[in-house]
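I opened this entry to look up charged pairs and helix packing. My notes follow the order of the look-ups.

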Amino acid sequence: MPMIGARFFTQLDAAHLRSDVIENELAKELENGRLFRIVAKLGIINERPEFNLDPSWCETGDRYMLKLFRDYLFHQVSEEGRPWIDMAHIVQCLNKLDAGVSEKICLMSRDEQNVLVVTYSQLKDCFESSFSELEQAAKVS
């Protein structure tokens, strides 16, 4: 009987270890899905040239701030003007946007004529209101 007990606990330990591995993989997939939804919503807002027959819709108010954030997120360049690709920067910024942290960031237009200092919390409010505006219009149609 003692041999059966030893094997039982070995198998039980292996099952718990496998369960932990699967749980960690599931957590990674949930994180990826959450970040994808944020990027998809950001694309829906930013890549809409007009809304309600207003061609300046994406260039005004909350949407302009989100457009600058998109540039801050995906269009960074080095001092020499070369593309700077840093996936950690993108993931970190998306997580901060999702959490709505009070950290301030400096958003600059491509021509460097407009500079906005905003918090991720303000960006999140703009993000949610812009997306809900589009959702409401989609429900009416």
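I searched the whole structure, a predicted model, for salt bridges and got six.

I looked up Arg-34 next. Its side chain meets that of Asp-98 in a salt bridge, 2.4 Å from N to O. Arg-34 sits in helix H1 (residues 2-46) and Asp-98 in helix H3, so I noted a link between distant parts of the chain, 64 residues apart. Buried or exposed? I checked both partners. Arg-34 has 22% relative accessibility and counts as partly exposed. Asp-98 is partly exposed too, at 29%.

Then I took Glu-103 and Lys-96. Their side chains form a salt bridge at 2.8 Å, N to O. Glu-103 is partly exposed, with 38% relative accessibility. Lys-96 has a relative accessible area of 19% and is buried, because the cut-off for buried is under 20%.

Arg-70 and Asp-71 came next. Their closest N and O atoms are 3.3 Å apart, in a salt bridge. Both Arg-70 and Asp-71 are buried. I also found Arg-110 here: Arg-70, Asp-71 and Arg-110 are linked in a salt-bridge network.

Last, I turned to helix packing. How do the axes of H2 and H3 cross? The axes of helix H2 (residues 61-74) and helix H3 (residues 87-99) cross at roughly 145° and come within 9 Å. From H2, the contact uses Phe-69, Tyr-72, Leu-73 and Phe-74. From H3, it uses His-89, Ile-90, Cys-93, Leu-94 and Leu-97. I sorted the H2-H3 contact by class: eight residues are nonpolar, one is polar and none is charged.

Conventions:
Residues are numbered from 1 along each chain as its sequence is written. This is a predicted model: local features need pLDDT of at least 70, side-chain atom pairs count only at pLDDT 80 or more; totals for chains, interfaces and linings use all residues. Side-chain values use heavy atoms; hydrogens and water are left out. Axes are lines fitted to C-alpha atoms, for helices over the stretch in contact, and angles run from 0 to 180 degrees between N-to-C directions. Helices (H or I, at least four residues) and strands (E, at least two) are DSSP runs, numbered from the N terminus. Contact means heavy atoms within 4.5 Å. Ala, Val, Leu, Ile, Met, Phe, Trp, Tyr, Cys and Pro count as nonpolar, Asp, Glu, Lys and Arg as charged, and the others, Gly among them, as polar. A salt bridge is a side-chain nitrogen of Lys or Arg within 4 Å of a carboxyl oxygen of Asp or Glu. Buried means under 20% relative accessible area, exposed over 50%, partly exposed in between (1.4 Å probe, protein chains only).
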